[in-house]
Amino acid sequence: MLISIDYDGVLASDPELWNRLITLSLRRGHKTIVNSGRNEISPPSKLPPETAFISTSGRAKSRHLENRGIHPDIWIDARPFSIHNDFDACLIPDTPKPAQIAIDYDGTWTTDRELWSSFTRYAISRGNQVLIATGREKQDRIDPPVTPSIPIRYTSGMAKSDFLKNLGIHPDIWIDDKPALICRDFGLVF
Ligand SMILES: [Mg+2]
């Protein structure tokens with residue numbers, strides 16, 4: 001699969017953590033691409049050579065990449081709305097370190113449980129908080145996917161960001177195969 005990683009709000013906030021994810025992903029046969037919403041900035045010097053870098057100049061990232069024949073399967077972003085909407089690329093997100101990271105389950109965690117488990121363990125060891133945010137109903141429970149176990153939040157189809165906000169949870173970084181659903185209710189489709 002192809003994993004898209006935002007530069008300004010994600011990779012730049014903790015290069016050691018996210019470069020580890022890139023390395024783990026490449027080792028497991030996945031591809032990664034790093035993007036920045038800013039205008040034509042130069043690629044960060046420490047990216048692995050197999051990882052492409054692209055500036056999207058404030059345009060909706062998915063459209064910008066699709067126009068170049070690039071179709072990420074999973075998106076990692078501090079501002080998920082920037083994936084499908086044009087946005088102000090001058091506003092660089094202020095991602096704290098350590099951060100709170102929300103990972104989707106279906107289509108994300110399930111695509112490579114070993115990858116996301118390893119990454120989660122490493123992220124937690126560096127002081128980050130990790131939770132699973134799934135659109136599933138609570139009765140449709142999933143097994144705790146990692147040891148030590150991490151919280152699982154069932155949004156029952158509610159927009160994930162709104163649902164978590166109501167619980168006082170404000171993830172800094174989202175990992176999701178369908179980022180449009182983070183900010184929008186989506187019935188029972190996940
Ligand atoms: Mg999903």
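The structure is a predicted model, in which local features need pLDDT of at least 70, side-chain atom pairs count only at pLDDT 80 or more, and totals for chains, interfaces and linings use all residues. Residues are numbered from 1 along each chain as its sequence is written.

**Fold**
- The protein chain has five helices and eight strands, where helices (H or I, at least four residues) and strands (E, at least two) are DSSP runs numbered from the N terminus.
- From the N terminus on, the order is β-α-β-β-α-β-α-β-α-β-β-α-β.

**Dimensions and contacts**
- The C-alpha trace spans about 45 × 30 × 30 Å along its principal axes.
- Of the contacts with a separation of 6 or more, 66% join residues 24 or more positions apart; a contact means C-beta atoms, placed from the backbone, within 7 Å.
- Of the 190 residues, 37% count as buried, meaning that 20 or more other C-beta atoms lie within 10 Å of the residue's own, with C-beta atoms placed from the backbone.

**Largest nonpolar core**
- This core has 33 residues, and I5, V10, W18, I76, I101, I103 and I173 touch the most other members.
- A nonpolar core is a set of buried Ala, Val, Leu, Ile, Met, Phe, Trp, Tyr and Cys residues joined through C-beta atoms within 7 Å.
- Elements giving two or more residues to this core include β1 (2-6), α1 (15-27) and β5 (100-103), and α1 provides the largest share, four residues.
- The core lies between domain 1 (2-77) and domain 2 (100-182) because both give residues to it; the domain bounds come from an automatic or database domain assignment.
- Apart from neighbours within four places in sequence, I103 is in contact with T108, W109, W116, V130, I132 and I175.

Methods:
A residue is buried if 20 or more other C-beta atoms lie within 10 Å of its own, exposed if 12 or fewer, and partly exposed in between; C-beta atoms are placed from the backbone. Two residues are in contact if their C-beta atoms, placed from the backbone, lie within 7 Å.
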